[in-house]
Amino acid sequence: MRVRRLIMVVACALLIWEKAQASVPLDIVAALQEAEKSGIEAVGTREGTVWIQTSEDTLKSVIALPLPRDFSPRDFALLDIRMRTDARVHAVSFHWLQTDQKGSRESFLIERPTHRDDQFHRYLIRLDRHPAWAGSIQWVGVGWIGSHAYIEVERAELKTMTFVDWMTYEWLQFWTPELLSPLAVNVIPGPRVFDLPFAGILAVTCLGSMAIVVFARLRRIRDPSTASAEWSSHTLASPVLVLLIGFWIIYDLRDVYNHLQTLGAERRHFLAKPVGIRHHFELDDLQDFLDSIDGRLPDGESVAFFSGMPHEIRARYRLYPRRVTERDATAPYVVVFQDPAITFRDGRLFERGIRMQGQFEPFWRFGPSAVVFRRIHD
Amino acid sequence: MGLSLALGLIPLVLFFVLLAGGHLGLIPAWLIVTGAGLGFALWVVDVYRYGWSRDRPFVLGPLTLRSAVRITLIGIVTVLVIEKLVFVAIQGFSFPTYFWDAIADWNYRAKILHLTGRLDLDPRSDTFLGGVAPHYPLGVSLFRAWLSTLIGKWSEPAVAAHSIAIYVLLFGVIWIRLSKKIGWWSGLLFAYLAISIPLMAYHAYAGYADLSISFFFTACLIYGYEYLASRDTLSGLVSALFLASSLFTKNEGLVLMLPVLAATVLVVVWSGRLAPRSASAYLGIAIGLLLPWIVLKAYFGLPYAPTESNAGLAFHLEGLERLFGVLFLQGSFNLFGLFFVLTVLLFWTHWRRTDVGFLALPIFLFIGAVLAVFLLTDNYEFLENQMTINRTLMIAMPSYIYLVGISFGRTFLLYHAREFPGTAKS
């Protein structure tokens, strides 16, 4: 009874403290429709949410909002977004424009991977951790990486970090699965709990448990009434090893969670979907696009590969023995994959507005941002 | 074991064939089938002569707290092992090559070798020694190229099967060899530790060569130690062949493993546990098989270091802090850092006083050499950006876990290996 009362008192105190800490959040979602947009095809509202369709020809899109003059970044340590994104969105980004004391402006951004499962998720981004989230800030923006993507935002606000927010943030951090990325084969950062490495916490806890067990055993051994004549180092080492393996398994279970999340995402977006619709993480539909090219282009014909992402090496591997050159404007075939720098108008290809030599015609269109052009005249 | 040896020796044989002007298709499938048939026949003869199993059969005794804990642990470990194998198989067989070095080097080279079918020895050619990074040993790429040649077309699943097979074999070799010494369930536990290192699972399907060299190094030490313990000549020969396989897998083989193994062999000879003649034969087999590759590299002036700029000496003791983070705080190795420290404290005396020290020596020499490369040369760059430090350290981990398994058995399970023959005349 006393314990229940104590819990109630602590909970009430926390609630009151929460209310006292919290300031009025800055609602971004309400202003999204009227804000300045880049790389956005359309924005609308539906049942209290704002939906956004990003452009076909750009990877990065941003919606930027002006801030009131008296905006103080210190009062808004946290970006809290609840949204759902489709498989084409790789990451959500938060941008801001900072003016220093000399009046020079610099833009900054923080990127976070998204769930990409068409389900609503809460994303918390700690802005106070970024050294440039200070001083005078006039503009902020929310952006997404992924062309021709669909996003639905239920809530987006800048707010004070309360105790509950902090707990929620740390909890979400721990359960955010490790991303499968080409870097994963070099290093796995590992999950973090309350901003501490999970592996480190487990190691310290394991050592602490071992110390307790060893201490208890030593006391028993020294006690003449319970001491065994056949005592050996086994008495101490055996529980130490059992504990070590136990903690190893705990970490491994977290790793299994990672594997299951990866498999789940792959099943949803790749394994259970047909070619043309399926996506494989940050590669999107590149592999299927490259496969489709190989069957359509004449044997031995070389291609120039254009992409906003560093995928040239993948194209070279996938299309071998076909010769692949990077951004070569003289090749007979031009393969464009998610490259906002390339535009096509009236039989002409432009790279960042500069016309590439020769006349081209669309040869094969695999998807909204995966197209092959054929040179028809030099 | 036949498959393990084949993974290392077939590329060497292919290399000789290609060097002599032959092509990849010269070793056809029927030869492999004949080899496998012969291996199976030898196994049948072995079973006929010695019985089905020489190990103690599993008997379910009365249920006590100890046996209940053991059964639960076996159950959990079995499920975790199966999960890893399923995850790795799905990743490997369902998706095309994904990771960077596999696309840029290992599998790209394999694809070029498969499609050209021959070894291009013209240094001006785009396909010189497989086209990309010609200074890398050809082992991994040649095997994958050959697999695709057997199938008749370039096959991504076949290429992935190579890495996955090595992952499974690593588990199998550690489990089987430890089972014979410390019992099957303790062996299972240590084999599980080896393959549950998180980075290992990625390498099981990534298409890199680090898992291959780790496997060959581990197998080389397992059978080398077996030879020292039992004087079984076949084990010594198998160890030498695994050493040759590791030398033909990555440059780390010739640069780090060969000196480490040579130093260990010298120490063993010095201790009187090995005749100089046997030691010469052991190293002679490994180096002899690699001689054509070494001569070829020297002839074309191909380097052993990643770049010339990384070859210079420099002290980077500040890297120790980063190293601590890599081993104890990050997610690449589970709790291997703690496991390493505790087991060193636990078994250090055992290694110093018993023959298990001959197994520990090359592992510690290798770890020392790796640390020296990253802390005392300009390869520090790869520790700082973490591009290679994790996977290079990973190479020694399975053999270290095997060492701990052996030490655990000898210390706590009262396993006593047969004493070394005291003479150095064998």
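In this predicted model, A:A315 counts as buried, because 25 C-beta neighbours lie inside 10 Å and 20 or more is the cut-off for that class. The residue A:A315 sits in helix α6 of chain A, which spans residues 312–319. Leaving aside residues up to four places away in sequence, A:A315 touches A:L290, A:F305, A:V324 and A:V335. A:L286 is 29 residues from A:A315 along the chain, and the two C-alpha atoms are separated by 8.6 Å.

A:P321 is placed in the loop between α6 and β15 (324–326) of chain A.

On the scale of the chain, the domain assignment divides chain A into domain 1 (24–165), domain 2 (193–271) and domain 3 (285–377). Between domain 2 of chain A and domain 3 of chain A, the C-alpha centres are 53 Å apart.

Chain A also meets chain B. The contact draws on 39 residues from chain A and 45 residues from chain B. Several helices of chain B each supply at least two residues of the side that touches chain A: α3 (65–94), α4 (100–116), α7 (184–195), α8 (198–206), α13 (319–329), α14 (336–353) and α17 (389–412). The most comes from α4(B), which gives 8 residues to that side. By class, the side of chain B that touches chain A has 30 nonpolar, 12 polar and 3 charged residues.

Within chain B, α4(B) also packs against helix α5 (residues 139–151). Their axes come within 8 Å and cross at roughly 50 degrees. The arrangement is therefore oblique. The crossing of α4(B) and α5(B) is right-handed. From α4(B), the residues in contact are B:W106, B:N107, B:R109, B:A110, B:L113 and B:H114. They meet B:V140, B:S141, B:L142, B:R144, B:A145, B:S148 and B:T149 in α5(B). This contact of α4(B) with α5(B) comprises 6 nonpolar, 5 polar and 2 charged residues.

On the α3(B) side, the contact is made by B:K84, B:F87, B:V88, B:Q91 and B:G92. On the α8(B) side, B:A201, B:A204 and B:Y205 take part. The contact of α3(B) with α8(B) has 5 nonpolar, 2 polar and 1 charged residues.

Helix α5 of chain B also holds B:F143. B:F143 is buried, because 24 other C-beta atoms lie within 10 Å. Apart from residues up to four places away in sequence, B:F143 touches B:L7, B:I10, B:P11 and B:H162. One of these, B:I10, is 133 residues from B:F143 along the chain. The C-alpha atoms of B:F143 and B:I10 are separated by 6.9 Å.

Two loop residues of chain B have a positive phi. B:A133 is not a glycine, yet its phi is about 40 degrees. B:A133 is placed in the loop between α4 and α5 of chain B. With 17 C-beta neighbours inside 10 Å, B:A133 counts as partly exposed. B:R231, also not a glycine, has a positive phi of about 65 degrees. Its place is in the loop between α9 (210–230) and α10 (233–247) of chain B. B:R231 is partly exposed, with 15 other C-beta atoms within 10 Å.

Key. Residues numbered from 1 in each chain as written. Chains lettered and ligands numbered in written order. Predicted model: local features only at pLDDT ≥ 70, side-chain atom pairs only at ≥ 80, totals over all residues. Contact = placed C-beta atoms within 7 Å. Helix = DSSP H or I, 4+ residues; strand = E, 2+ residues; numbered from the N terminus. Nonpolar A, V, L, I, M, F, W, Y, C, P; charged D, E, K, R; others polar. Domains from an automatic or database assignment. Axes fitted to C-alpha atoms, helices over the stretch in contact; angles between N-to-C directions. Parallel < 35°, antiparallel > 145°, perpendicular 65-115°, else oblique. Left-handed = near helix turned anticlockwise from the far one by under 90°. Buried ≥ 20, exposed ≤ 12 C-beta atoms within 10 Å, placed from the backbone.
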